[in-house]
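Open the model in your viewer and keep the selection panel at hand. The tour moves from a whole chain down to single strands, then out to a chain contact.

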Amino acid sequence: MILKNLDNINLDNFPVAIFGSGPAGITTALELEKKNIKCLIIEAGGENYSEISQEFYKGKIIGDQITDLSSSRLRQFGGTSGHWGGWSKPMAKYNLELWPLKAKDLNTYSTRTSEILNINHQFRKSSLNGFFNQIEFQYSKVRFADKYKNYIKNSNNILLVLNTQLSHFVGHNNNTEYAVCISNDVIKEVRTKYFILACGGIENSRLLLWTRDKNQEFIDNDLPVGKYWMNHPWILGGAGIINKKNLKKKLGNNFLEYDGPLHFAAKKELVNKKKILSAAMYMNAKEDTKIYKEIIKDILCVAPEYGKKIANMVFKKSLKCGNIFMNLEENPNENNKIVLDKEKDKFGIPLVKLFYKKAQDSLRTAKFFLEEFGNLCRTEDLGRIAIKDNIYNLEEFKNIDVHHHMGGTRMGIEKFKSVVNKDLKVHDINNLYISGSSSFVTSGYTNPTFTIVQLAMRLAEKINERLYV
Amino acid sequence: MKIKIKVNKFRRNFLKTFFSSLPILFLMKFDLFFFKHNKLKLKKNKNFIWYLNSDD
């Protein structure tokens with residue numbers, strides 16, 4: 001069922017309340033429903049996009065600038081899946097080494113995650129050499145609100161309430177008693193057994209920080225709430241030519257031919273040898289004739305002999321020419337953090353201030369990744385690669401910006417370095433969970449939604465165990 | 001007689017030097033044959049640094 005506000009609703013029969021209706025919240029609700037568990041989803045925004053709703057997402061960015069916080073995420077039914085890019089892939093195994101749960105804990109949910117995202121469950125990789133894999137992403141077109149609106153409307157177990165802002169949780173003795181919500185300008189108390197905060201990579205921190213401000217004894221001051229915030233720098237790293245014929249010859253039957261761009265990712269061996277973070281590079285999805293011509297012209301200028309050699313291949317479509325974009329990992333840094341601002345929203349909840357500085361390690365990663373890849377290409381005649389001079393000189397990189405907000409309520413074993421445990425339960429609080437990319441320990445290079453959905457499914461299983469096992 | 005001994009000594013030295021330097025010559029050729037092709041050459045064009053082979 002979908003309702004427009006919290007008025008006149010009897011919430012007694014709902015053992016679980018989920019705050020946020022993005023991929024994390026909806027996935028958990030769907031999985032709970034399969035287990036015949038009733039749950040309430042509280043969404044702050046309305047059914048569709050509205051500028052008034054987006055105003056609540058305003059925030060200040062101190063340091064290196066990224067896209068404005070009121071436009072990089074969506075406060076509406078379906079959350080930020082309303083404008084996400086759709087690139088999906090599970091995180092690489094080695095990116096999860098610092099996590100308290102392992103790849104196999106998440107892989108159990110991979111097939112079902114692909115079903116939810118309407119993608120082929122196929123993430124092949126093909127070893128190019130000791131340092132690189134050719135990899136494959138899948139592209140999801142799922143907007144959670146569009147896909148699940150009718151399903152939720154007709155569901156007896158899921159009740160979605162729109163236009164209802166969570167303010168904070170109230171609890172005592174390690175137990176959350178109720179959530180304070182504002183619906184139709186009236187303050188309401190939502191009482192249930194289990195509370196799941198799933199409002200996104202910034203909002204989760206904001207609401208937990210506000211909860212701590214409102215009742216100090218409830219959320220431990222030692223928990224690093226808001227800290228270790230991460231992003232995925234998406235940069236123009238260089239340009240190049242890939243000789244597809246030679247690449248196919250090298251990879252043989254393992255060459256990944258699919259409708260999409262060429263993707264290559266760093267193996268753990270490269271990360272260890274060069275002491276860099278993980279990264280992936282991406283080369284043009286669509287043949288852009290202008291860029292194609294420009295790169296051929298450039299190669300004829302810098303390498304006339306090679307240029308002549310490949311010139312006749314241009315028409316045979318054996319070449320892939322284009323800009324090289326990179327997805328870079330960013331290391332978790334305590335000083336990249338979300339704090340509460342003095343300025344407040346219409347409901348009196350403080351807006352956020354995000355302290356953010358791009359990581360020098362990400363810049364080094366871009367350089368050494370491309371340098372190694374460039375050398376591989378020229379020595380094995382797979383093509384020729386150029387690195388942008390600012391990256392080659394380790395000066396700076398311009399973040400073209402993707403909106404992958406991660407960290408802030410990170411997962412871990414130790415209380416002083418993490419906020420939630422591996423089951424996403426807040427340390428020392430019996431019935432408060434935090435779901436979404438805010439719980440990521442490291443960011444890897446992969447787009448986060450696939451992992452968010454896997455974690456949300458696992459959470460549903462953990463709630464089920466606590467309710468019935 | 002003295003001249004004959006000198007010529008023999010010269011010939012011996014020449015042959016000794018010639019044969020002892022052969023492996024070095026061989027190695028030099030080997031080196032040129034295999035590594036020159038893959039030698040890195042960096043070249044800047046506009047804002048890009050190209051990773052090229054020396055014979056590109």
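## Stop 1: all of chain A

Select chain A. Of its 469 residues, 51% are buried. This is a predicted model. Colour by secondary structure next: chain A holds 13 helices and 23 strands. Its radius of gyration is 23 Å, close to the 23 Å that the globule rule gives for 469 residues, so chain A is as compact as a globular protein of that length. The C-alpha trace spans about 75 × 40 × 40 Å. Now draw the contacts between residues at least 6 apart in sequence: 74% of them join residues at least 24 apart.

## Stop 2: two domains

Colour domain 1 of chain A, which takes in 2–117, 143–231, 335–351 and 405–468. How far apart are the centres of the two domains? Over C-alpha atoms, the separation is 38 Å. Look at where they touch. There, 5 residues of domain 1 are in contact with 7 residues of domain 2. The domain 1 side of this contact has 3 nonpolar residues, 2 polar ones and no charged ones.

## Stop 3: the six-stranded sheet

Show strands S1, S9, S3, S2, S13 and S23 of chain A. In that order, they form an open sheet with parallel pairing. The edges are S1(A), at 2–3, and S23(A), at 432–434; each pairs on one side only.

Zoom in on S9(A), residues 158–161. On one flank, 4 bridges join S9(A) to S3(A), residues 39–42, and the two run parallel. Pick A:Ile41 and its bridge partner A:Leu160. Then pick A:Ile42, which is partnered with A:Val161. S1(A) also pairs with S9(A), through 2 bridges and again in parallel. Here A:Leu3 stands opposite A:Val161.

Are the faces of S9(A) covered or uncovered? Both are covered. A:Ile158 and A:Leu160 lie on one side, A:Leu159 and A:Val161 on the other, and all are buried.

## Stop 4: helix H1

Select residues 23–34 of chain A, helix H1. H1(A) is mostly covered, with 10 of its 12 residues buried. Among them are A:Pro23, A:Ile26, A:Leu30 and A:Leu32. Step past the helix to A:Asn36. Its phi is positive, near 65°.

## Stop 5: where chain A meets chain B

Bring chain B back into view. Here 19 residues of chain A are in contact with 14 residues of chain B. Several elements of chain A give two or more residues to this side, including strand S15 (234–243), helix H9 (289–302) and helix H11 (360–379). Which element gives the most? S21(A) does, with 5 residues. By class, the chain A side divides into 9 nonpolar, 4 polar and 6 charged residues.

Finish on S21(A), residues 383–388. It is joined by 4 bridges to strand S2 of chain B, residues 48–53, and the two run antiparallel. Select A:Ala386 last. Opposite it, in S2(B), stands B:Trp50.

Notes. Residues numbered from 1 in each chain as written. Chains lettered and ligands numbered in written order. Predicted model: local features only at pLDDT ≥ 70, side-chain atom pairs only at ≥ 80, totals over all residues. Expected span 1.5 Å × (residues − 1). Buried ≥ 20, exposed ≤ 12 C-beta atoms within 10 Å, placed from the backbone. Pairing = 2+ DSSP bridges. Contact = placed C-beta atoms within 7 Å. Nonpolar A, V, L, I, M, F, W, Y, C, P; charged D, E, K, R; others polar. Rg over C-alpha atoms; globule rule 2.2 N^0.38 Å. Domains from an automatic or database assignment.
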